[in-house]
Amino acid sequence: MQEVQGTFDELGRPLSSTTFCVVDLETTGGSAAGGSKITEFGAVKVCGGEVLGEFQSLVNPDELIPAFITVLTGITNQMVISAPRIAEVLPSFLEFAKGSVLVAHNAPFDVGFLKHNARELDIPWPGFEVLDTAVLARRALTRDEVPNCKLSTLAMKFHATTTPNHRALSDARATVDVLHGLFERLGNLGVTTLEEVSTYTSKVTPEQRKKRHLADHLPVAPGVYVFRDSKDEPLYIGTSRNLRARTRSYFTKAETRTRMGQMVMLAQRIEGIVCATPLEAQVRELRLIGKHRPPFNRRSKFPDKLTWLKLTREPWPRLSIVRVVLDDEADYIGPFRGRQSAEGALTALHDSFKIRQCTPRLALKARSSPCALKEMGHCLSPCDGSVDIEIYDAEVNRVRRAMVGDPEDLVAAVHSHMLYLARNERFEEAATWRDRLTSFLRASVRTQRLREVTGEPELVAAAPHDEGWEVHVIRYGRLAGAGILPRGTHPSGWVDALLATAETVPAGFGPIPAATVEETECLLRWLDSPGIRMVRGTWHTSLQSGARHLIPFELADSRWQELQRPS
């Protein structure tokens, strides 16, 4: 199994190769917003334990320095009278710190002053990542080790070579030693990357951190991870390009989801399932969640609980909202976002076409009393035998074409109704009809997209990979095989071997014959992504589909959502 190169977010940036700019400021008071000014800059740039450079400058604050500040820092009015002003010093400091991670002791104070002055001078703030050694010390050290987390206390704890004295450069040098001491302490706990240090400062309980060893056995490879409880039942299932890094983050990361902290406390074991490719991992995750329905997963747990709109196959077909696609040769569209969306689409069809809305199954030669819909001209009324089957079938075919082909007739009918309502200033009703048509079009397009691949017996596609090509076998919309074709290997024989070991997938029925909707749509997104190459088989998108009608509605909806956002 070849290990893959993950992203920075997954592999992390090693502390040993990250450049830090440790900064300290001296000021005339405690609040930049309250009018206090910077009187001195001190900064040390370090990487891998080595000092790359230092920055130091006094700053003329254009005001008198309070006497108690002079006593504290030793900086007098005479010392700053000929010093450069902040408009000269700040740009020089930002250039010095460029490309590094800012570090400060009680960072909100120093970074707050820097940002405030950048705003005052109309200088764009570079958006530095920031580490606070005070916060990091509170997480890494106990009260038994240090009585407080003042810089002077920590400098003594870590035997800093410079004693803090409320002068900017000296305090910055002392903070460098404190930073390295904290990194050494965290390194013993397995925290070795910038991402891990950043998340270590979050409010994660010691009990959660103690369980970090549960992830130690997992490899640096794509796959699925399963948190299991004391009974070995799945608690949570996830996927990642880097199993080890992702699962370790659960024990240091600032989880805004309280339930994830609860899940970690219940976990006794983490199972890792290595996959050949990230796509295979995504598909396996979906299948496992659908099978086990873990209590801490929210999405994908009920792949069978969907809503479809069905055009029945019977002597006098009708429309029906159903939860299951059956092997009954009926026409289906969906799944919808919910029953309300399906009911809106159903209303649009019933208003535009004159097929029956009653639910009983009718005999070919039915003879019963018609309902009010006939009187209103909304139904051809097969129930009383007043319509020829050929005429009714023609109307059914119009409905079928709207559902599984080109819904041009439906779009025209609803659009005409919307214009009528708008002209009469019934705008809310017009918007309701717009939403009904949009719900129909979204479901129709979704079904047509699914059928693009669920009707294909076999597709083999490839995407570039660091080691060569990642190749996937798709049969009737289901992932049947995956592997990495090594660079320099002749593809023909290798692909033949992959096909021979791929899952056998029988042809099925309906728009999702062999997989769940989520799995097939996951495969479609991958097939649509840049750089995909078809190795064997073809797939295509029909020009006569609902997509061309949906685009204007999606754009209008997007624009409306944008206008609704608060400025």
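**Figure 1. Helix 14 meets helix 17 in this predicted model.** Ala 348, Leu 349 and Ser 352 of helix 14 touch Leu 410, Ala 413 and Val 414 of helix 17. Contact here means heavy atoms within 4.5 Å. Helices (H or I, at least four residues) and strands (E, at least two) are DSSP runs, numbered from the N terminus. The two helix axes come within 10 Å and cross at roughly 90°. Axes are lines fitted to C-alpha atoms, for helices over the stretch in contact; angles run from 0 to 180 degrees between N-to-C directions. Helix 14 and helix 17 are therefore roughly perpendicular to each other.

Residues are numbered from 1 along each chain as its sequence is written. In this predicted model, local features need pLDDT of at least 70, side-chain atom pairs count only at pLDDT 80 or more, totals for chains, interfaces and linings use all residues, and side-chain values use heavy atoms, with hydrogens and water left out.

**Figure 2. Confidence across the protein.** The average pLDDT is 88, and 91% of the residues score at least 70. pLDDT is the predictor's confidence in each residue, from 0 to 100. Over residues 1–10 the pLDDT is below 50, yet this stretch has 21 contacts in the model beyond near neighbours in sequence. Residues 558–567 also stay under 50. For residues 558–567 the model has zero contacts beyond four places in sequence.

**Figure 3. The largest nonpolar core.** This core holds 36 residues. A nonpolar core is a set of buried Ala, Val, Leu, Ile, Met, Phe, Trp, Tyr and Cys residues joined through side-chain atoms within 4.5 Å. Buried means under 20% relative accessible area, exposed over 50%, and partly exposed in between (1.4 Å probe, protein chains only). Leu 309, Leu 319, Leu 349, Val 399, Met 403, Leu 410 and Phe 440 touch the most other members. Elements giving two or more residues include strand 9 (308–311), strand 10 (319–322), helix 14 (339–352) and helix 17 (408–423). Helix 18 supplies the largest share, seven residues. A second, separate core has 28 residues, among them Leu 15, Phe 20, Val 101 and Val 197. In soluble globular proteins, nonpolar side chains tend to be buried together.

**Figure 4. Met 403 at the crossing of helix 16 and helix 18.** The two helices pack at about 75°, with axes 8 Å apart. Helix 16 and helix 18 are therefore roughly perpendicular to each other. Helix 16 contributes Ala 402, Met 403 and Val 404 to the contact; helix 18 contributes Phe 440, Ser 444 and Gln 448. Leaving out residues up to four places away in sequence, Met 403 also touches residues including Leu 309, Leu 319, Ile 333 and Leu 349.

Figure 5. Two strands pair if DSSP finds at least two bridges between them. Three bridges join strand 9 to strand 11. Leu 311 stands opposite Asp 331 of strand 11.

**Figure 6. Strand 12 and its two partners.** Six of the seven residues of strand 12 (residues 459–465) are buried, so this strand is largely enclosed by the rest of the structure. Seven bridges join strand 12 to strand 13 (residues 468–475), and the two run antiparallel. A hairpin links them through two residues. Leu 459 stands opposite Ile 474 in strand 13. Strand 12 is also antiparallel to strand 15 (residues 533–536), with three bridges. There, Ala 462 has Arg 533 as its bridge partner.

**Figure 7. Two serines, Ser 170 and Ser 368.** Ser 170 lies in helix 8 (residues 168–187). Its relative accessibility is 17%, so Ser 170 counts as buried. Beyond neighbours within four places in sequence, Ser 170 contacts Thr 162, Thr 163 and Asn 165. Ser 368 sits in the loop between helix 14 and helix 15 (372–375). At 36% relative accessibility, Ser 368 counts as partly exposed. Ser 368 touches Cys 383 and Asp 384, not counting residues up to four places away in sequence. Ser 368 and Gly 385 are 17 residues apart in sequence and 7.9 Å apart in space, C-alpha to C-alpha.

Methods. Parallel < 35°, antiparallel > 145°, perpendicular 65-115°, else oblique.
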